[in-house]
Amino acid sequence: MAASPALSHTAAFLDAGRSSKRSSMATSRQSKRYSVTALYVTMAAAEHDVDVDDALSRLQRRLRDLKAQISSQSKRNFLLERDVRYLDSRIALLIQNKIASEEQGEVTNHLEEPEIREGTFPDHDKLDLYGNLFFILQSEPRHIATLCRLLSMSEMDSFLQTVMFTIYGNQYEQREEHLLLSMFQSVLSTQFESTTEFSSLLRANTPVSRMMTTYTRRGPGQGYLKSVLAKKVSSLIDNDDLDLEVNPLKVYENLYRNELKKMSGNPTAVRIARAVSAEIAAENQQVKAIIQPRLARLLTIANSFLNEIIGSLETVPYGIRWICKQIRSFTRRKYPGTDDAAVCSLIGAFFFLRFINPAVVTPQSYMLVDGTPAENPRRILTLIAKMLQNLANKPMYSKEPYMASLSAFIEGNKARMNQFLNDLCEVPDFYETLEMDQYIALSKKELSLSITINEIYSMHGILEKYAQVVYPDSASHLSVILNELGPASAILPRAENYIIDLPLFSRFDSAVEHLGASLDITQSDVTFMEAKGLLVHILRSLPANHPSVTSQPLNLYKIVEAAATHKDGMLVKKGIRAATLLAELEDLGLLSYSGDSSGSDSNPLLDEIEEEIAQLGSLREKVLDELRSLESVYNTIRDHNDYLRGQLETYKSYLSNVRIQSGLKKSAISDRVGLVSLEGKMHKQPKSQFLGPYKFSQQVLQKEGAITVCNVPEKRIPNLYFNIASPTPGTFVISLHYKGRSRGLLELNLNLDDLLEMLKNDVEVLDLEYVIVNVPMMLDFLQRQFSGRK
């Protein structure tokens, strides 16, 4: 059925003698106009018969379904990316350190864990309580904001997964997005209050910065990055022979290699020195001649990236712009004397450092390109990211002096970059809309979450751990629910961790009344909005050539009569309901009956209906455009999901190959982390067994280099000894004892992965108060002591 045509005239519907009271009511209506699609459809969802089946409504349903699919797929990708990151680092560490097959088996088991399936929650009574709990967490973001400030970095990943992709997982739903942004506002406020140095704001790797980065990885942010950066990045990657290295030392080294190649590998025939300092390299005339044209080309490419980003202002997702706005607002409040450039540097620290630049540097991880870029384009993208960051932030050339040669980019673009960063902040607030959304959510009681059982248990456990801070008031709604739930359940094995549908509702009905009062929403407002929405539905459902649709001006009573006498039973029901609502509006003084719809004053109900119809006339094209855009985003996310699954399959094949090759006397195994050699015999993976404890004196460990410093008086050192046990492969319990004392001085649980992670991050010492441990030497000692024991 074709959509009804847009209306061009305003009908006079109320009689000329309308009282001033009614006029003031009509005036007050102007501040309470809400879109039909954003309001009435949601309010009337419980009546399941209000759907319209015109072209626009079908497009809107397709759009809603697509947004739900993107949200769901984004969460699956987030989980896969986390698994890939874990396995990527662990496999590299395990291979580099030639760990035994039982540790390889542990990683393999992680790969072979089944995908989470749909199921049901085992306890119906607790399901209702959890529905209450998660409704409170979702609709009162201050609780999540408090947790964000309390959690350690190790707790953040799983917590952010639940918050970003489950509790607020419907990434295109207005209410959830606004609640999530409210939570951000609370977290940022505390971050600004607790930070003592301006220079460290938003730059350190903290739970807050991790949260902000995760937010940008949601569907809207990914769609924006693809639309703005994909073509630019792809054009660079296609030209993999283009070398734009401008670091003089690297250019010099490459120059030497080329000269050496020309001289058939004879170093004595090369006319330049093999190794020089960065300063000498920078003064070399050949190096200067190579770098000069490269600088010009780099500036051109960087400017093209910048132009694309600045030109995309209107397509930057609202949430990201709103976060920028909060950063500017908090900065000006806490540091009122800060100049605009410094404020812009903080906005840039979020927008470029956390959002744009990671996608520029690793485009394959952001679904901008297929596969990993070659060395040359990868280096160019890194240089462009550095230039953009220096432009958005205060340039720092102390670590990389050669970047100063690109200062022309900073000088030529600083003013318009600051203008762009300020323009990002120019978005309206959403507080009134959020209050209305909350009112609707409490009224309709049809909210739900697609959530895993372990996400429920994990969130319960976190709330339990931080109870004294998050809900100190025993009478609060959160406290009441958690007391009824009792202790948190243990995390389930992955095979038992089902995805369930968790209905959300509030049993604290007073909240609806409170919200209605705070919104200044009366029953007449609700009646007015329902009447408006229903009449628009009727107009869209009637044939486009029906007299009640085409007549000008519109007569609301004739429209209602046409619906009530229609042969379609659904339309009849709508017509009867609309007639009832018009009668109620008459009683409220917002409408007066006139058979010919005459009157000198405007009718606020008719005015708003005509505005809605006019807006719906252009809405179809907007919906079509959004559909096309989001279909591209969805296809990209699906492709990325296939890529991640391919990565996991690669790891499976690799580990299988490691187990096979470990039976050879000398196996050369090529991996993404380099060429390594593994030795050993094929054997079945042993069952977990407790080894030790084995006793070692302090002098033995110090001689082995595992201990570098002992903070115990020298005369007491002979009385110190260590007991070291391995409860399971890869886990070590080290306890320090003093002869004659029944209890140990300290006990330390060390995990093999933790030690390897320390090595990877260049952490070489571990201060245990009594002694200082050398991490690489301790790792070597533990491996030698336990690898051959049975």
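Reader: What makes Ser74, Asn77, Phe78, Glu81, Phe165, Arg217, Gln222, Met367, Ile637 and His640 the residues that line the largest cavity?

Author: On a 1 Å grid over the protein atoms alone, a cavity is a set of points where a 1.4 Å probe fits but cannot get out, and lining residues have an atom within 4 Å of a point. Those ten names, from Ser74 to His640, are therefore listed as the lining of the largest cavity. Helix 3 (55-96) and helix 27 (604-661) are the elements that give two or more residues to this lining, and helix 3 gives the most, with four residues. Helices (H or I, at least four residues) and strands (E, at least two) are DSSP runs, numbered from the N terminus.

The model is predicted: local features need pLDDT of at least 70, side-chain atom pairs count only at pLDDT 80 or more, and totals for chains, interfaces and linings use all residues. Residues are numbered from 1 along each chain as its sequence is written, and side-chain values use heavy atoms, with hydrogens and water left out.

Reader: Why is leucine 406 called buried?

Author: Buried means under 20% relative accessible area, exposed over 50%, and partly exposed in between (1.4 Å probe, protein chains only). Leucine 406 has 2% relative accessibility, so this residue counts as buried. Leucine 406 is found in the loop between helix 16 (375-392) and helix 17 (407-424). Not counting residues up to four places away in sequence, leucine 406 touches Val246, Leu295, Leu298, Leu299 and Met387, where contact means heavy atoms within 4.5 Å.

Reader: Why is asparagine 555 counted as buried, and what lies 3.1 Å from a polar atom of the side chain?

Author: At 6% relative accessibility, asparagine 555 falls under the cut-off and so counts as buried. Asparagine 555 lies in the loop between helix 24 (547-550) and helix 25 (556-564). The backbone nitrogen of lysine 558 lies 3.1 Å from a polar atom of the asparagine 555 side chain. A polar contact is a pair of N or O atoms within 3.5 Å; within protein, one must be able to donate a hydrogen and the other to accept it, and residues adjacent in sequence count only if both atoms are side-chain atoms. The 3.1 Å separation is therefore within the distance limit.

Reader: How do you know that strand 12 and strand 13 pair?

Author: Two strands pair if DSSP finds at least two bridges between them. Strand 12 and strand 13 (residues 771-774) have three bridges, in the antiparallel sense, and therefore meet that requirement. Leucine 766 stands opposite valine 773 in strand 13. The open sheet has three strands in the order 8-13-12, with antiparallel pairing. Strand 8 (707-710) and strand 12 (765-767) each pair on one side only, so they are the edge strands.

Terms used. 1 Å grid on protein atoms, 1.4 Å probe; cavity = no way out; pocket = protein on both sides within 12 Å on 5 of 7 lines; lining within 4 Å.
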